[in-house]
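Okay, everyone, thanks for making time. Let me put the model up and walk you through a couple of spots.

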Amino acid sequence: MSVELQSELNEAVNMRRNFAIISHPDAGKTTLTEKLLLYGGAIHEAGSVKARRAQRKVTSDWMEMEQQRGISITSTVLQFEYDGYQINLLDTPGHQDFSEDTYRTLAAADNAVMLIDAAKGLEPQTRKLFEVCKMRGLPIFTFTNKMDRPGRDPLELLDEIEQELGLQTYAVNYPIGMGDRFRGVFDRRQQKIHLFQRRAHGSKTAEDTIFEIGDRRLEELLDPELYSELKENLEILEEIGSDFDLEKIHAGKLTPVFFGSAMTNFGVQLFLEAFLEYALKPEGRNSTRGAIAPTNPDFSGFVFKLQANMDPKHRDRVAFIRVCTGKFEKDMTVSHARTGKTVRLSRPQKLFAQGRESLDVAYAGDVIGLNNPGVFTIGDTIYQGKKLEYEGIPCFSPELFAYLKNPNPSKFKQFNKGIQELQEEGAVQIMYSADEFKRDPILAAVGQLQFEVVQFRLQNEYNVETRLEPLPYSLARWVAGGWEALEKAGRLFNTITVKDNWERPVLLFRNEWNMRQIMEDHPDLKLNSTAPVGSGLQPD
């Protein structure tokens with residue numbers, strides 16, 4: 001490798017930051033995403049999810065159903081620059097029914113931002129997603145949102161994170177007041193007080209005034225009680241709070257905590273600047289050849305998401321690729337690890353929610369969009385040079401099952417095409433009965449909203465009306481050892497056998513008791529709650 005290329009790769013990796021935002025629904029994730037884009041100059045005016053008709057729609061919620069309901073139901077990638085850094089923001093669905101899409105997105109992230117509501121603290125979905133981040137060893141940054149509304153004591157929120165998640169906290173900034181009395185924050189990095197001025201609906205960047213903590217003007221500008229309370233709480237933090245430790249942050253053992261309001265932009269810029277300084281840059285990822293440094297000159301990457309019809313006019317299919325090593329260049333030829341085929345990567349795209357523009361080069365940490373002519377599957381690795389495969393992305397046990405019926409035989413082709421494309425992108429798991437006479441697909445989902453999205457998209461994107469016929473099952477288990485092991489077990493009562501996307505046997509059970517009974521009756525039968533990965537290295 002030439003000295004010039006080595007220098008180019010080192011610089012590109014050092015200036016890249018890649019992160020996903022996780023939160024419970026309604027904590028303000030989409031609003032925070034919009035405000036980060038606003039400060040990054042990627043948009044000029046931020047749109048609230050609950051926007052007035054006259055306001056612009058939010059950038060990250062591009063799907064029509066998201067705009068109708070005011071929720072995020074598909075993950076998107078938003079790329080922008082700030083202060084010389086190239087930022088890849090992986091926006092994940094907040095709704096609990098889409099936790100599997102979030103898991104896939106977290107597989108491509110180097111850092112996670114955990115967004116919590118100041119009034120509610122940790123909520124169920126946040127806890128679940130935290131466990132996934134912990135399992136992946138991601139550094140976690142916490143943004144405590146909605147400080148401009150009545151909420152819980154900041155010290156109490158810090159304590160809740162430590163007690164419930166077993167994660168040490170370090171308050172990078174600390175709020176001055178709360179609700180109507182929220183005046184700004186004290187930035188512990190620079191030992192300065194930032195007082196913010198409110199802006200209508202936070203559609204423009206917030207202006208702030210910066211003071212040293214001993215500045216006499218603060219006594220005139222701040223309520224004496226608030227100022228005294230701030231100094232008292234800062235003393236408590238210095239005495240009993242954790243020390244700042246960048247190694248612990250990168251190991252996912254200590255979370256830097258920020259306070260602010262995404263809606264009014266209070267504290268968003270301070271968070272972004274500290275995040276860029278503290279966040280983990282792209283690192284080597286686990287593969288069949290071990291962890292390979294991102295500055296390795298041979299290009300490699302993996303597919304973590306597929307999306308059909310992002311541009312309804314062109315009926316496109318886009319593969320989202322996380323670049324892991326080397327330098328991606330337009331029209332380059334790569335090897336496809338699963339099939340052994342050679343693929344030319346033409347028409348690569350820089351992604352910005354639904355919008356896209358052509359792209360010539362990309363580096364480790366970047367996410368690129370490639371047209372998918374039916375070649376790619378979630379978890380696929382593409383590479384140049386010596387063969388390797390990155391860890392695949394498993395499917396989890398669904399909890400709801402239903403036959404999807406096509407009542408109009410004349411729409412058979414559109415129905416099949418829609419099912420195939422939605423299955424490829426993992427919008428929902430699709431299974432089929434082992435009984436060859438039952439040909440209707442079985443939708444398998446974590447929540448009811450996934451069913452609604454599939455039906456909405458089939459109608460909206462493929463012009464196919466469908467109806468659901470619910471099945472009385474709540475658990476799916478993959479049979480270790482496949483069809484041979486299932487045949488050895490003999491007849492199984494109170495369960496049905498279906499096939500997944502990879503033609504592997506899956507048992508559906510009515511409930512936990514039903515499953516335990518089968519396992520007691522057939523001790524040699526081994527069942528898994530996650531599917532073996534169809535493509536890529538099997539994760540530990």
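So, let's begin with a strand pair: strand 27 (residues 495-499) and strand 28 (residues 505-509) run antiparallel and are joined by five bridges. Strands here are DSSP E runs of at least two residues, helices are H or I runs of at least four, both numbered from the N terminus. Within that pair, Val-498 has Val-506 of strand 28 as its bridge partner.

Quick caveats: this is a predicted model, where local features need pLDDT of at least 70, side-chain atom pairs count only at pLDDT 80 or more, and totals for chains, interfaces and linings use all residues. Residues are numbered from 1 along each chain as its sequence is written, and side-chain values use heavy atoms, with hydrogens and water left out.

Zooming out, eight strands make an open sheet, ordered 25-22-24-23-27-28-26-29, with antiparallel pairing; two strands pair if DSSP finds at least two bridges between them. Strand 25 (467-471) and strand 29 (527-528) are the edges, each with a single partner strand, so one side of each has no neighbour in the sheet.

Now, helix 12. Its 15 residues reach 21 Å from first C-alpha to last, close to the 21 Å expected at 1.5 Å a residue (that's 1.5 Å times one less than the number of residues). Which residues of helix 12 are buried? Among them are Leu-449, Phe-451, Val-453 and Leu-458, where buried means under 20% relative accessible area, exposed over 50% and partly exposed in between, with a 1.4 Å probe and protein chains only. Just after helix 12, Asn-463 takes a positive phi of about 55 degrees.
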